[in-house]
Amino acid sequence: MLRSHIIARPLMKKPRIVCIGDLMLDVVVRASADVELGTDVPGSVRFRLGGSAGNTCRAFVDLGGKAALVCAAGNDSLSGRLIAAHRASHVSVHAIRTAGPTPRLAVLVSARGERSFVTERGVADSLAVSSFKPSWFARANVLHLPAYSLLKLPASEACVHASRLVRRRGGLVSVDLASRAPLLAAGADMSLAAVRAVGPDILFANRDEVAALVGRGGARRLLGVAPVVVVKLGQGGCRVLWRGAAQRSVAEIEVATKPLLATDTTGAGDAFDAGFLYSLAISGFIVGAPSAPVLRRAALSGHRTAARVLSSPRQELDL
């Protein structure tokens, strides 16, 4: 369905984003030599504030905006430390306490730079509509939803409810497909239905995530899910696709980025989302009649924000 109303107007005040997602600890394990079974190899182990939604919130604040993270928090001491770390980064946190462990993720980085992830989601998917307060979303210019939050009940229903609240007040709704494996585990049809249910105005994905849902080269098919699709290409930049007001043709631009030599790309995609959405929120973005210059500026803002993450030292949590 064509949406032609103004979603974001030029702002004099700081734009505000609300992200629904994981309160997550990242344990980053980097090997300095090839891992061998049954013995030790040298390397490093670092504890960091993680979670796709939280990463986007912090990058949005760094750009000059305001951000709030809505999340489930376990009944352990780790949750309190993660909440405090977000707040120290000037991110508001609306945490719903739930019996169970706080989510954590191990990032395994080989000596050659390949990454693998082991995730314990804990209480992450336990968010329920009954726990939400409308005031959390009342002043949001943007609601951002990593797909992790859309794939299981009751969190998926809570996200649909929040998207209606934000859109009713003239806000923008975006989704990032986030990771290929969870989409495939849920099933392509179910994952597509879950994304459609929140009615995103902007859909972010990388090539693997596009392939998981609609096959290789199927980004145009995702325009049936969201009127603007942004395919992140890593060091190749990004591709932005959208339908014109007549809905008969597809417009497309590619926006290059300066390649950076980075040994750890964790969080860069989330930062790209923050930069893209921040630019839209201050530009007067119109869904249904998007402007190529506005979308190009948003892509460049996304690239700059991701580059800042890639080129900055990562802060370690003191646990």
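Visitor: Where is proline 154 found?

Guide: Proline 154 sits in the loop between β8 and α3. In these names, helices are DSSP runs of H or I with at least four residues, strands are runs of E with at least two, and both are numbered from the N terminus. The model is predicted: local features need pLDDT of at least 70 and side-chain atom pairs count only at pLDDT 80 or more, while totals for chains, interfaces and linings use all residues. Residues are numbered from 1 along each chain as its sequence is written, and side-chain values use heavy atoms, with hydrogens and water left out.

Visitor: What makes the peptide bond from leucine 153 to proline 154 cis?

Guide: Its omega is near 0 degrees. In general, most peptide bonds are trans.

Visitor: Why is threonine 305 called buried?

Guide: Threonine 305 has a relative accessible area of 4%. Buried means under 20%, exposed means over 50%, and partly exposed lies in between, with a 1.4 Å probe and protein chains only. Threonine 305 is therefore buried. The residue belongs to helix α8, and beyond its neighbours within four places in sequence it is in contact (heavy atoms within 4.5 Å) with Ala59, Leu63, Ala271 and Gly275.

Visitor: Is glycine 171 buried or exposed, and where is it found?

Guide: Glycine 171 has a relative accessible area of 1%, so it is buried. Glycine 171 lies in the loop between α3 (155-168) and β9 (172-176). Glycine 171 and leucine 143 are 28 residues apart in sequence, and their C-alpha atoms are 7.2 Å apart in space.

Visitor: What makes alanine 138 partly exposed?

Guide: The relative accessible area of alanine 138 is 34%, so this residue counts as partly exposed. Alanine 138 is in the loop between β7 (115-120) and β8 (142-146). From glutamate 114, alanine 138 is 24 residues away in sequence and 41 Å away in space, C-alpha to C-alpha.

Visitor: How do you know that histidine 90 is exposed?

Guide: Histidine 90 has a relative accessible area of 63%, and it is therefore exposed. This residue is in the loop between α2 (77-88) and β5 (92-98). Histidine 90 also has a positive phi of about 70 degrees although it is not a glycine. In general, most residues other than glycine have a negative phi.

Visitor: What is the phi of alanine 178?

Guide: Phi of alanine 178 is near 75 degrees, which is positive in a residue other than glycine. Alanine 178 is placed in the loop between β9 and α4 (180-186). With a relative accessible area of 22%, alanine 178 is partly exposed.

Visitor: Why are α5 and α6 called roughly perpendicular?

Guide: The axes of helix α5 (residues 188-197) and helix α6 (residues 207-214) come within 8 Å and cross at roughly 110 degrees. Axes are lines fitted to C-alpha atoms, for helices over the stretch in contact, and angles run from 0 to 180 degrees between N-to-C directions. Angles under 35 degrees count as roughly parallel, over 145 as roughly antiparallel, 65 to 115 as roughly perpendicular and the rest as oblique. The pair is therefore roughly perpendicular. The contact is made by Ala188, Ser191 and Leu192 of α5 with Ala212, Leu213 and Val214 of α6.

Visitor: What makes α1 oblique to α7?

Guide: The axes of helix α1 (residues 52-62) and α7 come within 8 Å and cross at roughly 50 degrees. By that angle, α1 is oblique to α7. Among the residues making this contact are Ala59 and Phe60 of α1 and Leu277 and Tyr278 of α7.

Visitor: Which residues have the most contacts inside the largest nonpolar core?

Guide: They are Ile202, Val230, Val240, Phe276, Leu280, Phe285 and Leu295, in a core of 49 residues. Helix α7 (residues 268-281) gives the most to this core, with 9 residues. A second, separate core has 46 residues, including Val160 and Val210.

Visitor: What makes such a set of residues a nonpolar core?

Guide: A nonpolar core is a set of buried Ala, Val, Leu, Ile, Met, Phe, Trp, Tyr and Cys residues joined through side-chain atoms within 4.5 Å. In soluble globular proteins, nonpolar side chains tend to be buried together.
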